[in-house]
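Please walk through this two-chain complex with me, one region at a time. Start with a single loop residue, then widen the view.

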Amino acid sequence: MTTIEMKEYPTEPLKCWEQAKNLRKNYYEDYLHAHEKGGLRWAGGAWSFSAIPAGLGEDVYCITGEPYGATVAFFKDFASKCHDATEAAGFPRTLCAYMRNYWGSILLDKYILTDGTVVDGYPAPDFIWQDHICCSHGKWYQLVKWLEKKRGKEVPMHCIDVSVGYPSDFSPEEDYKVNYIVEQLNDGINWLEKVTGRKYNDALLCDAVWNEMKATSLWAEVCALNQAIPAPLDEKSMYSLYVMGTLMKHRPECVAFYETLREEVKDRVKRGIAAVSTERFRVITDTQPPWGFLKIFREMEKYGAVSVGSLYTFGLIGMWQYQPDGTWTPKLMPPKKPQTRDEALQSIVRWTLHKPEWAHFYEPELKTKMMESIVKQWKVNAVLLHYNRGCEGLSVHIAENRHGLMQAGIPVFPFEGNMGDERDFDLAGTMARLNAFFESMGLKKLKE
Amino acid sequence: MITAGVDVGAKFAKVVILKDGQILARAKALVGFDVLKSASDVFETALKDAGLSRGDIQRVVATGMGRNAVLQKPPINADEVVSEVVADAAGAYQVVPTVKTVIDVGAEEGRGIKVEGGKVKDFVINERCAAGAGTFVEAMARALEVKVEDMGPFSLKSTNTIPMNAQCCVFAESEVVSLIHSKISKEDIAKAIHDAIAGRISSMVLRVGVEKDVVLIGGCALNPGFLPPLEKELHTSIIVLEFPEFVSALGAAVIAANPSR
């Protein structure tokens, strides 16, 4: 059995925690009250090109579907009602759990806030702005449109097809792939003007695109700081931080928050402040966690194990690139801010298509390679793979990733669950297997 | 050094007392509602058989799903608990030092463990269904109105292959009833049941890979009808130990003897 060095690191709470909580709270409340302020509401996925609707004005508020589905999942009683509502409406429980939570909320005509307050009357969007990243995202908002129509509201919808593959880098001969999406965005801007009756502002678009690039680069910088031992952040806390990028990556508030966070995390690294004081074993996870059962992270801590992140936490929002020496680093910002609509659209498409999470859909080997890079650079001892029944998109190929990691000599612990439907998660069984895994890694519980 | 391993399983509690690597006593009994009492009774039996008292045992390690019930609780006062996976690997390695794969099929769970030098390299556990555990055979024996200990010998009399759903214990029982109504012989149904459980266990074990020597442990290893289909599914010979249901308790006793492992 491995000899365990019983070193304790200093730890302290994050100073910007309240700021994060308030940003998220305000986001959902702003969407709810947008009409009272004369503003517009739109709905779409967290992967959508959210900088584009920003050109309609400063008073345009969105609700991104996946984070809302995750919020519902966290409040199990409400999630259960949402599941009942979607299943009663004839939708199978094998569909995307976020999508079902979202539909359930509409079907119940109730909207949940970040503190668990359930508000009567689901606030319908004025338009839907979505992209088709997976089969569920392709249908998600078609159904939202249909559900809203049944409630008496016609919601116009525009979707972007992004199925051009994952680029290691775009060579000039691949420009047609970028242009294919840019043309759809150009069409989308015309469509936005038509359905909202507003004149489009290119300066706001350029600001939003620049904000998004900054925010997503900053988040990668924050994640890179977690290579330090002890890790200044644990993944459970990171979930509450990366989420800003899934809600408002194009907003100046998001940039400002990530700048504050980066400086605080830098300071923690400098002072040796740990997220988990007993850190002696580092893991990463994969895909969305079972949101209703984040206590599995606390179970890990009993062994002195800390999850320092995941490809999901790092790469859903963060932008990364491989350096010539093979290291995986935050993607560098372009030298200058776009000044025209075309520059802005070209920039944001090229930038967004580098999102590491695209790799899930196209190349399992590339995802395995990225995970191996994280294991090496973040000094990780083992990988916990969530075979997530709630998300076909991010779970696809996950068994191949397991094989790839094991062939590379990395210990892997797979567990089954569902990010948004607690019925697919066996807490006691998972805890028992997790204990067995840590024991097999030579760890003993430090506390009960 | 005298140590004891206590395996508080889903159905039986097993105790092994070990002195310098030699087994002094082993005992087992059904686990009742009062888990601590059941385990304590078995422990007392083992002590009596070995001619020892609790004070003679230097360390006790517990394993099995009920292991926490005896941790630092008198009269057993287990010093430590370990998972079944770790205990299985240690126990199988103690008896077969060349073991690379351990298959443990107990009443409640099935496990496949990849082992190297007695240490766990990888493992997989039947996660969601009794169709991969001993409970399945018991339930099917009830449906067939056959004693559970007769299921294995019954199945060995059959040479026919009848496909059967092994995905769900409950629905499989309905399927057995359908086969009975179709006038399929009990021997053939018993074989279908063993083929099904072997198929489920083998597909699970293949996830960690099968490398010789392969050792089968747990209560199901006592069932002679289970081994042939499992060997067929895994395309390998499998070693069945003399007291397969005690291997986990043995492993716990071995671990107890090596506290600084």
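D20(B) sits in the loop between β2 (12-19) and β3 (22-30) of chain B. Its backbone is worth a look. Phi of D20(B) is positive, about 45 degrees, although D20(B) is not a glycine. Most residues other than glycine have a negative phi, and most peptide bonds are trans. Keep in mind that this is a predicted model.

T287(A) is not a glycine either, and its phi is positive, near 60 degrees. T287(A) belongs to the loop between β7 (281-285) and α10 (295-301) of chain A. Is T287(A) buried or exposed? T287(A) has 25 C-beta neighbours inside 10 Å, so it counts as buried. The cut-off for that class is 20 or more.

Now turn to the peptide bonds of chain B. P74(B) and P75(B) are joined by a cis bond, with omega at about 5 degrees. P75(B) is placed in the loop between β4 (59-63) and β5 (80-81) of chain B. Another cis bond runs from K212(B) to D213(B). Here omega is near 0 degrees. D213(B) lies in the loop between α6 (186-205) and β9 of chain B.

Five strands of chain B form an open sheet in the order β8-β7-β6-β9-β10. The pairing is mixed. Its edges are β8 (119-125) and β10 (239-240) of chain B, each of which pairs on one side only. Strands of a sheet pair through backbone hydrogen bonds, either parallel or antiparallel.

Follow β9 of chain B through this sheet. Which strand does β6 (residues 101-105) of chain B meet through four bridges? The partner is β9 (residues 214-217) of chain B, and the two strands run parallel. Within this pairing, V102(B) stands opposite V215(B) of β9(B). D104(B) has I217(B) in β9(B) as its bridge partner. Next comes the pairing with β10(B). Two bridges link β9(B) and β10(B), again in parallel.

As for confidence, chain B has a mean pLDDT of 89. Of its residues, 95% reach 70 or more. Where pLDDT is low, the predicted coordinates should not be read in detail.

Step back to chain A as a whole. Chain A holds 17 helices and twelve strands. Its radius of gyration is 21 Å, close to the 22 Å that the globule rule gives for 448 residues, so chain A is as compact as a globular protein of that length. Along the principal axes, its C-alpha trace spans about 70 × 50 × 40 Å. Of the 448 residues in chain A, 50% are buried. Contacts between residues 24 or more positions apart make up 77% of the chain A contacts with a separation of 6 or more.

One helix of chain A shows the burial well. Helix α2 (residues 65-74) of chain A is mostly covered, with nine of its ten residues buried. Among these buried residues of α2(A) are G65(A), P67(A), Y68(A) and V72(A). E66(A) and T71(A) are also on the buried list.

Finally, look at where the chains touch. Nine residues of chain A are in contact with nine residues of chain B. Which helix gives the largest share of the chain A side? Helix α17 (residues 427-440) of chain A does, with six residues. By class, the chain A side has two nonpolar, three polar and four charged residues. For the complex, the predictor gives an ipTM of 0.76 and a pTM of 0.87.

Notes:
Residues are numbered from 1 along each chain as its sequence is written. Chains are lettered from A and ligands numbered from 1 in the order in which they are written. This is a predicted model: local features need pLDDT of at least 70, side-chain atom pairs count only at pLDDT 80 or more; totals for chains, interfaces and linings use all residues. Two residues are in contact if their C-beta atoms, placed from the backbone, lie within 7 Å. Ala, Val, Leu, Ile, Met, Phe, Trp, Tyr, Cys and Pro count as nonpolar, Asp, Glu, Lys and Arg as charged, and the others, Gly among them, as polar. A residue is buried if 20 or more other C-beta atoms lie within 10 Å of its own, exposed if 12 or fewer, and partly exposed in between; C-beta atoms are placed from the backbone. pLDDT is the predictor's confidence in each residue, from 0 to 100. The radius of gyration is taken over C-alpha atoms; the globule rule is 2.2 Å times the number of residues to the power 0.38. Two strands pair if DSSP finds at least two bridges between them.
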